[in-house]
Amino acid sequence: MENSKLKIGIYELTGCAGDALLILDCEKELIDIFNAADIQSFVMAKSDNIEGDLDIALVEGSVTTEKEIEELKDIRQRSKIVVAIGLCATVGGIQARFLDPKEWNERFKKVYGNIEMTHTKPVQSKPIDAYIDVDFYLPGCPIGKEQFLIFFTRILKGNPPEKSQNPVCVTCKYNENDCLLKKGILCLGPLTEDGCGAICINHNLPCAGCWGPLKTGNRTSEYYLLKEKGFDVEHIKKKMANYSGTKIASFLKELEKEKK
Amino acid sequence: MRIVKLKKENLFPFLEVISKEADLWAPVKKYEDKHVFKAVEDFSEIDLDYQRTIIPPRRILLPPKTNMFEATQNTYKEDFSNVSKKIIFGIHACDVNALVIMDRFYNFAYDDPYYTRARENTLILGYSCWPDEHCLCKSTNTHIVTEGYDLFFSKLDTHYLVWIGSSQGDDLIRKQPSLFNEDISDKDIQTYLNWQKEREDAFQAEIDFIDMPDLIELKYNDPLWEELGKACLACGSCTNVCPTCNCYNVYDKPILGKNASKIVRCWDACTLENYSEVAGGENFRENRADRLKLWYTHKLQAYISKYGKPACVGCGRCIVSCPVDINVLTVGKTLSGEKVDAFWKRFNLQVKKEVRK
């Protein structure tokens, strides 16, 4: 029986470790999780970790050092399926907010000065798919409990996970909330991946976009809409870029062009 | 059909009597100016002075997310936990008419047990309303009810005139007939007729729905659709707030630690990107313009051609919900060649200007 269980590894790169913590926080289901899968490596949860071949690797965090690039490539090589979990792994996180390499270097110097890094060389923060092929993405900041459990159970049973491509607005309407955007509030619901349960809007706060950018979100239209509602263009861009990591770089470049 | 009279102060006592055997759903205030239908126990929460709820009452019959059944390899257990005795009080005429359309959809070729069982256990108590600038129901001829209700309350100065639309409605009245009064005076009738006339004249928004099927056909390749597609945020709100939209998605929610799965049904919207995706990853309507065209063709053409009236009941929800002003009013008017002031229009002009620069 033991042998038929899928071998799983849960890894953390650079981030707040919130996604690994969320998995541990599934207290009611934790025994079921450990019963259903052979958790080979999960640094946050146990010390006897085995770094061998895996069926599934769940990777959280963004890639910010050369050492992490190596680590990530090694995980890819050992795993049949690699899943990016959480905002940092899927889009690069707040730390990957689009900055060109020159600007990044300047900022790095400003913060760290001319200090020499001996441990490993830092690199500009990127999502894991900048370096390896990723099979599935599970967005969130951190990932949602229900979404994770559905995803994890499906994948354990050999079924591909449901693709979520809906904006937050869908659940927001399920919850019968008043549309904040319609009221003139800067809400990123239409541009953001669903999965959080529209939790901010349920509490009358606008969506900040923390589940990451919806691939097909109509940024151009919302940008003009917010502009028309009187928001400062720099403010709109900042809000849109905050949780979009490297993923909306081309859109932001277009806007820069337009300014010139 | 019979019409009786109910003194205003007798309304809550009546609700008290009828809510003993069923959950009473009624409009309550959720935001400053927005209402929702809610199961109420405390009647002081009920606010009948409302325009339209954010989500239409179809939500009560088929909630956005429900478990359909739990299955293992050899067993199958249906979940009808949403089916219970309900009374929906305070539904406006547009929404009563929308439920008539929903009844038709869910009984069309095959009976949908999740809807029909909930519907059979639900009584509809309509309530009169007064139009605001977004109400289009006079144009769709759904500002009055001729079917689909058990009771309908028309509010006059000191009392209600109550239409009895079904035998179940009549049973409700008979639970405490002393609350009602059968003698309706000439003065009452005149008050009602005056109110009705004033209400007819109070409608501000208007579209000619008769021409819509032809206009959609003639303008099927009109640049209008691309313009709408450019501005559409694809948030699905127009669809989720529409009282006659009924599409849904079904997915498996496997249970950890058990060889079983829950089968979940949730609302879907044809205006969303993944609605038209099929096995293998193909998507027939990746383009937002195509999706909007589908929605409007369904509402304003296909349904009219088949049933002689639009699948729009003029409730105005798409008008108050769409952040970029894509709604039945602006689209209908544009199709009829009228000028409209809408964000999607201004956005397209702006984009064109910038391209020229």
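**Interfaces in a predicted two-chain model**

Between chain B and chain A the rule finds 20 residue pairs in polar contact, both residues of each pair at pLDDT 80 or more. The model is predicted. Two interfaces are covered below: the one between chain B and chain A, which buries about 3,700 Å², and the one between domain 1 and domain 2 of chain B, which buries about 1,900 Å².

**Chain B against chain A**

- On the chain B side, the elements that give two or more residues are β2 (23-31), β3 (34-39), α8 (223-231), α9 (237-240), β11 (248-255), β12 (260-267), α11 (317-321) and α13.
- By class, this side of chain B has 27 nonpolar, 10 polar and 15 charged residues.
- The rule finds five salt bridges across the interface of chain B and chain A.
- Asp325(B) and Lys182(A) form a salt bridge through their side chains, with an N to O distance of 3.3 Å.
- Chain B brings 52 residues to the contact and chain A brings 39 residues.
- Of the area buried between the two chains, 54% is on carbon and sulfur atoms.

**Aromatic pairs**

- Over all chains, the structure holds 27 aromatic pairs.
- The ring centres of Tyr224(A) and Phe347(B) are 5.4 Å apart and the planes stand at 65°, so this pair is edge-to-face.
- The pair joins two chains, because Tyr224(A) lies in helix α9 (residues 219-228) of chain A and Phe347(B) in helix α13 (residues 343-356) of chain B.

**Domain 1 against domain 2 in chain B**

- Chain B is divided into domain 1 (2-59 + 82-202) and domain 2 (212-244 + 270-350).
- The C-alpha centres of domain 1 and domain 2 of chain B lie 29 Å apart.
- In contact across this interface are 23 residues of domain 1 of chain B and 23 residues of domain 2 of chain B.
- Carbon and sulfur atoms carry 62% of the area buried between the two domains of chain B.
- Ile101(B), Arg104(B) and Leu136(B) supply 25% of the area that domain 1 buries against domain 2, more than any other three residues.
- The rule finds one salt bridge across the domain interface of chain B.
- Arg317(B) forms a salt bridge with Asp95(B), and their closest N and O atoms are 2.8 Å apart.
- The rule also finds 11 residue pairs in polar contact between domain 1 and domain 2 of chain B, both residues at pLDDT 80 or more.
- Helix α3 (residues 93-106) of chain B gives eight residues, the largest share of the domain 1 side that touches domain 2.
- That side of domain 1 has 13 nonpolar, five polar and five charged residues.

Definitions and conventions:
Residues are numbered from 1 along each chain as its sequence is written. Chains are lettered from A and ligands numbered from 1 in the order in which they are written. This is a predicted model: local features need pLDDT of at least 70, side-chain atom pairs count only at pLDDT 80 or more; totals for chains, interfaces and linings use all residues. Side-chain values use heavy atoms; hydrogens and water are left out. Domain bounds come from an automatic or database domain assignment. Contact means heavy atoms within 4.5 Å. Buried area is the accessible area (1.4 Å probe) that two parts lose on being put together, summed over both. A salt bridge is a side-chain nitrogen of Lys or Arg within 4 Å of a carboxyl oxygen of Asp or Glu. A polar contact is a pair of N or O atoms within 3.5 Å; within protein, one must be able to donate a hydrogen and the other to accept it, and residues adjacent in sequence count only if both atoms are side-chain atoms. Helices (H or I, at least four residues) and strands (E, at least two) are DSSP runs, numbered from the N terminus. Ala, Val, Leu, Ile, Met, Phe, Trp, Tyr, Cys and Pro count as nonpolar, Asp, Glu, Lys and Arg as charged, and the others, Gly among them, as polar. Rings of Phe, Tyr and Trp (its six-membered ring) pair if their centres lie within 6.5 Å; planes under 30 degrees apart count as stacked, over 60 as edge-to-face and the rest as tilted.
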